[in-house]
Number of protein chains: 2
Amino acid sequence: MSRSAPDGPAAARSPMTNPHADRVRAVRALGTRSGRRRAGRYPVEGPQAVRELVRWAPRTIRDVYLTPEAAGRYAEILADAEAAGLRVHLGDAAVLEAMSPDAQGVLAVADLPEAAREAARDEVPVGPLGAAALDAVLAARPRLVAVLAQVRDPGNAGTVIRVADAAGADAVVVAGDSVETTNPKVVRSTAGSLYHLPVVSGVPVADAVAALRRAGLAVLAADGTGDLDLDDLQDAAAVAGAAGAPGAGAPDARADLRAPTAWLFGNEAWGLPPEDRDRADAVVRVPLRGRAESLNLGTAAAVCLYASSRAHR
Amino acid sequence: MSRSAPDGPAAARSPMTNPHADRVRAVRALGTRSGRRRAGRYPVEGPQAVRELVRWAPRTIRDVYLTPEAAGRYAEILADAEAAGLRVHLGDAAVLEAMSPDAQGVLAVADLPEAAREAARDEVPVGPLGAAALDAVLAARPRLVAVLAQVRDPGNAGTVIRVADAAGADAVVVAGDSVETTNPKVVRSTAGSLYHLPVVSGVPVADAVAALRRAGLAVLAADGTGDLDLDDLQDAAAVAGAAGAPGAGAPDARADLRAPTAWLFGNEAWGLPPEDRDRADAVVRVPLRGRAESLNLGTAAAVCLYASSRAHR
């Protein structure tokens, strides 16, 4: 087997060794938002995210890069990528490091979702493709959806996508003027969950709430100012569930945790603005038992989404 | 009232304007671990953390710095600080920015806790003062304690301290070779919770677990490999609670959520090592309903601690 065979198994080829090569520069350019919009592609960094990308969304992948060491250590990524017919390239540690300091020896380049590409053309972050994607999600009759409104911090957005996946949510809507879901920090902090459930962006908060409600979901805003206490809702759902009487015992018909539910979470710093709280069927607070004034976004979402998923069992 | 009166109200004095002054350099030097150890002090940055520090731990404070704008905007901090007899200094925006880019116009300098100071002298992160602090916590008969084992990321450590406070935990033990709790990123991410409940550090994991068990707490390790499912424990606690029969219905006598409980959480990247899992009375997994392989540390702690606090009501 020739070491330079262009279509041979990656492991048989020589690794790229020039960190200044055009291909390396082109990947590194995807680290910025403008670079991603120009190329219509985004980088997926690190073994965990790339493994899930290769497993769940291989048709969006343009190229996979691994160091020889990573190709040995993460043999399942290499095997899955080659089984999917993907273009796999070896590069030495300096090449992968030059592509991204967060690659940890493994990086893939994938196409931006259609909505993001359309947005890049128009320079308008909201478009019909976002609404169409949401309609497709709603057609599958979801029972638990997380909606992020104006979330700006990529780590927080990724954490919520990851915990929504873990709690068994059917979709996440990253609504309004939120961070882009293909931001590399979002991708990394989802730990692969970005490829596990539909994540819809490019829809204004008002439109997302209206569509979710039309689809029969109760919309609950999570906010420290809420007049309903999550503990009370959980107690009511447990009592009603034990009694086998649907709806009985719920403290508020707008907020029966056993019903299909969309949770609306606000910005990490300033929460939900009044107009977004007013869009919800009810505003629910997580009980604060100590002296803390609030929870951060990820932990609040964890408690709310797990409460719903328990009630849905 | 003289503009230079050294003991007059801060608002009546001229602000410091020299970002190169010795005092400013001395504060900035607290941004590094070695600087903090040398000085025996640490910086508390931002209005939220400083407000809680002034309110709950004023005797540990050496100095408070505010911009004139922040002194107006956060008048309650200024009032509380002056009521406590603290030394309050005004500095212009350039001075506060030079002290710390994360000050947002408000910064305090506080004494390191005794344990940290002792550790700084000895260059040994574990000392008798840690154990003594833990003994004091245990003498108050806590019902819910979070233990962090080898947690290195300051944001994660701070998030767990904050959610432990919110869930009504009685204390947090930052055990073993974890990040120092006076690291500025830890302080910021606790959002003031560092001053709301005892946070003990400088105790090896084995010693912390042994002391907690002697004090009558069940020690539950949170880990994805756990043979017990948190959902089952919550169901059993709810059934037993409804029946009024203590202990009845619990799936495992080692893990009755209604009992006083210490949760043991591992490192954000590699979890709990086997030897730490083995120290626990039981290993409990948070159910993963979607395709996620795991939760991150903060969200896992949120779900576990809120499950306990519900069972304790």
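In what order do the strands of the open sheet of seven strands in chain B stand? The order is 7-6-5-10-8-11-9, with parallel pairing. The model is a predicted one, in which local features need pLDDT of at least 70 and side-chain atom pairs count only at pLDDT 80 or more, while totals for chains, interfaces and linings use all residues. Residues are numbered from 1 along each chain as its sequence is written, chains are lettered from A and ligands numbered from 1 in the order in which they are written, and side-chain values use heavy atoms, with hydrogens and water left out.

Strands of a sheet pair through backbone hydrogen bonds, either parallel or antiparallel. Here two strands pair if DSSP finds at least two bridges between them, and the strands (E, at least two residues) and helices (H or I, at least four residues) are DSSP runs, numbered from the N terminus. At the edges of the sheet in chain B stand strand 7 (199-201) and strand 9 (228-229), each with a single partner strand, so one side of each is left without a neighbour in the sheet. Strand 9 of chain B is joined to strand 11 (residues 282-285) of chain B by two bridges, the strands running parallel, and Asp229(B) has Arg285(B) as its bridge partner there. Strand 11 of chain B is also joined to strand 8 of chain B, in parallel, by three bridges, with Ala282(B) as the bridge partner of Leu220(B). Between strand 5 (residues 144-149) and strand 10 (residues 261-265) of chain B there are five bridges, again with parallel strands, and Ala146(B) stands opposite Trp263(B).

Across strand 5, strand 8 (218-222) and strand 10 of chain B lies helix 14 of chain B, which runs at about 170 degrees to strand 10 of chain B. Angles run from 0 to 180 degrees between N-to-C directions, and axes are lines fitted to C-alpha atoms, for helices over the stretch in contact.

Helix 14 of chain B also meets its counterpart in chain A. Two packed helices are described by the angle between their axes and the distance between the axes. Helix 14 (residues 297-312) of chain A and helix 14 (residues 297-312) of chain B pack at about 50 degrees, with their axes 8 Å apart. The contact (heavy atoms within 4.5 Å) is made by Gly298(A), Thr299(A), Ala302(A), Val303(A) and Tyr306(A) from chain A, and by Gly298(B), Thr299(B), Ala302(B), Val303(B) and Tyr306(B) from chain B.

In chain A, strand 4 (residues 106-111) is mostly covered, with six of its six residues buried, where buried means under 20% relative accessible area, exposed over 50% and partly exposed in between (1.4 Å probe, protein chains only). Both faces are covered, with Val106(A), Ala108(A) and Ala110(A) on one side and Leu107(A), Val109(A) and Asp111(A) on the other. Strand 4 of chain A runs antiparallel to strand 1 (residues 41-45) of chain A, joined by five bridges, and Tyr42(A) stands opposite Ala110(A). Strand 2 (residues 61-66) of chain A pairs with strand 4 of chain A in the antiparallel sense over five bridges, where Leu107(A) is the bridge partner of Tyr65(A).

Elsewhere in chain A, Ala171(A) has its place in strand 6 (residues 171-175) and is buried, with a relative accessible area of 0%. Leaving aside neighbours within four places in sequence, Ala171(A) is in contact with residues including Val137(A), Leu144(A) and Leu197(A).
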